[in-house]
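Have a look at the model first.

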Amino acid sequence: MNKLSRLILSLGILQLLLVILSWLLSAMRVEGVRSLLSGEGIRWFIGGFTGMLLQPLLAWLLLLLIALGALQKSGFLSLFQSRGHWSYRQRIALRVSAFLLVVYVVIVCLLTLMPHAILLSATGALFPSAFSSSLVPIICFGIALLAISYGLVSGILTSTSSMLSALCFGLQQSAPMIILYIFFIQFYESLWFVFG
């Protein structure tokens, strides 16, 4: 947490330095540099802040955190710490969740690999297509399906409330990553505004 807070602070300081540098360079009339302190820069930053954050990367980050949190909270990751000393219920849960994952992969393959499949592009290509643009969500959903099914069959997750808790666990534990994303993306977009 300490390294993450330092990284967030560093990004905040870099943003402040970029604001000052953009102002100085535009005051010196350096060609191709726009100031973040000009009317245009302030309107761009404030008016476009939400648009800056709404990137596919944010959706991927949220889905990945949900999937990894579900893996951890469901007890699936603890299977590999026990080094094969699994109870009967854990073995059954592993088989059921593996079976459901295989069924999920088969369904995705049927939606992508068959001729004229629904997730292919209009030309029949896999890249770019609906499949390629949703690859990260497809993987994250498969991981969450594996984790939740394992947790239910093993008895670790016993109610819909515990399933919801497992899905929220990664977001709760990794909330600083979302803050880091916000600072990183606004610094990155500001660089493009000033020098792009």
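## Cysteines

A disulfide here is a pair of cysteine sulfur atoms within 2.5 Å. This is a predicted model, where local features need pLDDT of at least 70, side-chain atom pairs count only at pLDDT 80 or more, and totals for chains, interfaces and linings use all residues. Residues are numbered from 1 along each chain as its sequence is written, and side-chain values use heavy atoms, leaving out hydrogens and water.

By that rule, the count is 0 disulfides. For Cys 109, the closest cysteine sulfur is in Cys 140, 17 Å away and so too far for a bond. Cys 168 isn't in a disulfide either: its nearest cysteine sulfur, that of Cys 140, is 15 Å off.

## Aromatic rings

Rings of Phe, Tyr and Trp (its six-membered ring) pair if their centres lie within 6.5 Å; planes under 30 degrees apart are stacked, over 60 edge-to-face, and the rest tilted. That gives 9 aromatic pairs. In one of them, Phe 127 and Phe 131 have ring centres 6.4 Å apart and planes at 70°, so they sit edge-to-face.

Tyr 188 and Trp 192 also pair edge-to-face, at 6.4 Å centre to centre and 70° between the planes. Trp 44, Phe 45, Phe 49 and Phe 193 make up one aromatic cluster.

## Where α7 meets α8

Helices are DSSP runs (H or I, at least four residues), numbered from the N terminus. Helix α7 covers residues 160-173 and helix α8 residues 175-195. Tyr 188 and Trp 192 both lie in α8, 4 residues apart, or about one turn.

Methods. Axes are lines fitted to C-alpha atoms, for helices over the stretch in contact, and angles run from 0 to 180 degrees between N-to-C directions. Helices (H or I, at least four residues) and strands (E, at least two) are DSSP runs, numbered from the N terminus.
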